[in-house]
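User: I would like to learn how to read a model with several chains. Please take me through it one feature at a time.

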Amino acid sequence: MSAWISQFFASYSNIIDLCLLNSLVGYGLFLALSANMFSLATGGFMALGAYCSVYCTMELGFPFAPAVFAGALLAALGAAAIGAPVLRLRGDYFMLATFAFTEVIRVIALNWDSVTGGAIGIFSIPRHTETWHLALAVAVVIYVAYTLRRSYFGRAIAAVKQDDVVAQSMGVNVFMHRLSLFIASGFICGAAGALAAHLNYFIGPGDFGLVRSVDALTYPILGGVNALAGPLIGAIFTTLLPEALRFSNQLREILMGALVVAIVLYLPGGAMSVFKLRWFGVRAGETKLAAATEQAQS
Amino acid sequence: MSTFLQQLVNGISLGSTYAVFAMGCTLIFGVLNIVNMAQGAFFMGGAYFGLEAARLGLPAPLALAVALAGGGLLGMLSELVIFRTLRARGGHRWMGLVASLALARMMIGLAQEIFGTQVQRYPASDLMQISWEIADVRIQLLQVVLLLVSLLLMALLAFVLQRSSIGRAIRTVAFSEDVARIVGVPVGRTILATFFLAGALAGAAGMLLGNLFNVVSPFMGEQMLVKGLTVIILGGLGNVPGAVAGGFLLGLIEVFSVAYVSSSFRDAIGFGLIFVILLVKPNGLFSGFEERRA
Amino acid sequence: MKRSVFALLLSAAGAMAFSSAALSETPVNIGIVQATSGGSAALYGLMQKNGAELAIDEINTSGKLGDYKLVGIHQDDAGDRGQSVNIFQRLINQEKVAVILGPTLATSAFAADPLAQKAGVPVIASSNTAPGITDMGDYIFRTSPPESMVFPGVLAYVKKKYSPKTAAQIYGIDDTLMKSAYAVHKKALESEDIKIVATETFQKGDVDYSAQLTKIKAANPDILVIGGLAEETANIVRQARQLGIPPSTVILGANAAISNKLAELAGATADGFTVGSGWFIQYDSPKNKAFVEAYRKRYSSDPDNFAAQAYTSVYVVADAVKRAGGVSDLKKLRDAIAATKDLEANNGSFSFDAHREPAVTPKVLVMKGGKFILAAD
């Protein structure tokens, strides 16, 4: 039995690692979405975290943990820098501005050869990331998200999500709450980028583009933005699906697209809503209200 | 000087395809206040519809009509399958973004399944080889024809929106769905027509670009979607004349940043610019034309 | 948990497929990691999958391996690095492959090959032409000659024939392969004392190269060197000629530009386009003629150099299995592969050099009337 387990782990450890890594990113977006921030900055934050941490370990000789922290910190700084102006934008304008940020970072990475290696990327990166690092990071982030939801801050955020004008008039500093969540989201994505960089020996600018940002958003949305386990479920589902559908090439893309459409259409609260059908009507009403308020404001 | 003029020609012909494509994106936004991420897939679909029609031996104008109709049908499909359901349920707006991206992914997969992953080209014709050299500036007949077709499509859209009854209905729904309902506009059908128009413009742009640059591939829509989003920010979300101006502007910006800065920084300049515009003038460079939702 | 159930089902299905073979046969599992979906990588992946599977069937039918039966296990990584790593892990630990052919892209190789190196499973690439591939370890081989082995010969030929003084370069800045090809081209140009008068870049998905080419036209170079994949190169060549870059400007391409797609997309404008390759279709040997004929018969299209190199890879494996006396010891198999010498292959005889690179003499090919032909001196 133990032989079977070790063989299973040897065969699938990378898939497990990817599930955990994607979950981590998913929680970064979960925080952003909890204040209605549809952010496409993930790719940019991950790139900052990845390149900074690799520079720290390979050029400056940092140990692994401080290097990951440095990467996460740089991404958080990036979030603070762009957050201040970008958070004034609403809805789709916010989305497009964060997308522009990701693309600018990617083009810089392509051209800054001395640090990033350009398109050739950086290879022979030492493999420091272990599965338990990723599991620990996900656990910590879940714990933080859990405590946050039950705190005053969490309730304030819920009010902001519901209706930020009302929240503002109730004395919630909407901008600061959004900014701190955006920075936290940047920190988590940066850490994820740093862990990803030390997982597979190689990074290149192509790893951190639009596709990465969009995938990151689908994890919490598919899993459910109202349930704490949502991002985890969404990330595992999205990571396993292409492996499970490997029997077909093009069909795989078609089926994945169809599944996502089906979930969005028939499980609007994400996959986790299956377990909470009782509250389904209430929450659908909430989102309707949120959508209506947002439209009224734009 | 001749190099400058040549770059001007390059920029205008690139910009005309951007403009046609972006008109569709901005139309949807103007009416429904959403971004349809599947527009890029309609663009690709239109190129394949046009390609198949051309291979069947249809003359170019008829092939273009096929591309228009094909793109339009795909647009209607996205409304019927996704957006109508989401509107009825009152789902959050990001659900539409995610679902339309997934729809695009399905269509790309489907195109790969049907047409293969390789790049294809439109059948060569002698007409495509004609070009003139005026003062060292090369202008192809194809470029001139496509520019004229683009301008025709723009005029056609303006006519439909301003003069036809369906255009009046679209503008009423864009102003307010409730008002439209009160004055008796069939809202559902009007929105469907909007999706048809937007998809048709994307499909036409696909055929135009496929001809101009000799490229039809399942992935051609992905980059175009990014360009389209850039253009509608330049022109202002929901602003149709702004999208036309923004399309030509982006074409020129791209070409001249290659010409006078560096080709490696072309996209950084484009995206840096939209970042700045969003912060300084979020309603676009030409704000204040089209009625927008209150 | 669901996943493991699925894996069990999958391996059960696999076991059933194998058990239908005669019991006396010992299967030799060969992992074929080639992208057959996911964009331009599929152009090269599909060709290599075809070439490898053709060779596997030929060898099994011929019975030259006696009781050993080659079993190709193709997995599509869609050109995505994460998936390449997933596949390598599963092939090594689950399918117990003796050797892995691929992966299609060099970026995938940099991420996945170290796993095989660590596990002691030989890898033979047939499309990675970037530098540094075989430096990853002594289990990594390739049958595709790297750009640095091919391009200097092409340039020497062009220099002798046209004596160019100036050159312009254009390359895909966001493509690992092309960025490294660019560096190789630049170095070769400098060592031949050809002045580089313009350097331009493009990105994946670009279709309009006219702005860059207008700049290049203004610089009026004697030769234009393109670092692009086949489909990109075809369009650059076509647009260059349309913009009025004269036929006297010779256009040179990278090894990856060789594809039957090139002529189809560029048409007559591709005439005179010059590249280097380890293989070409008209190579006059009985072995090559048989290969081209068998390929055409099976796939109703012409093979390209990637198909040929993957085909060669399988013959290298078969030869090594024979000499190593089986696959029970992969270290022995690796040594046998490394010792490959003067194996009859579709481009003459094939050997690995001391760095596990192919020891082939690259040929200079020129496009004429839609076909690559051997350049006349």
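User: What percentage of the residues of chain A count as buried?

Analyst: A residue is called buried if 20 or more other C-beta atoms lie within 10 Å of its own, exposed if 12 or fewer do, and partly exposed in between, with C-beta atoms placed from the backbone. In chain A, 53% of the 298 residues are buried. This is a predicted model, where local features need pLDDT of at least 70 and side-chain atom pairs count only at pLDDT 80 or more, while totals for chains, interfaces and linings use all residues. Residues are numbered from 1 along each chain as its sequence is written, and chains are lettered from A and ligands numbered from 1 in the order in which they are written.

User: How many helices and strands does chain A have?

Analyst: Helices (H or I, at least four residues) and strands (E, at least two) are DSSP runs, numbered from the N terminus. Chain A has 13 helices and 0 strands.

User: What share of the contacts in chain A comes from residues 24 or more positions apart?

Analyst: Two residues are in contact if their C-beta atoms, placed from the backbone, lie within 7 Å. Among contacts in chain A with a separation of 6 or more, 77% join residues 24 or more positions apart.

User: How many residues of chain B and chain A take part in their contact?

Analyst: The size of an interface is often given as the accessible area lost when the parts come together. Here residues are counted instead: 37 from chain B and 39 from chain A. On the chain B side, H4(B) gives the largest share, 15 residues. By class, this side of chain B, touching chain A, has 23 nonpolar, 9 polar and 5 charged residues. Ala, Val, Leu, Ile, Met, Phe, Trp, Tyr, Cys and Pro count as nonpolar, Asp, Glu, Lys and Arg as charged, and the others, Gly among them, as polar.

User: Which element gives the largest share of the side of chain B that touches chain C?

Analyst: In that contact, 29 residues of chain B meet 27 residues of chain C. H1(B) supplies the largest share of the chain B side, with 5 residues. That side, where chain B touches chain C, divides into 10 nonpolar, 13 polar and 6 charged residues.

User: Which domains does the assignment give for chain C?

Analyst: Domain bounds come from an automatic or database domain assignment. For chain C this gives domain 1 (2-145 + 284-361) and domain 2 (148-277). Their centres, taken over C-alpha atoms, are 31 Å apart. The contact between them takes 11 residues from domain 1 of chain C and 16 residues from domain 2 of chain C.
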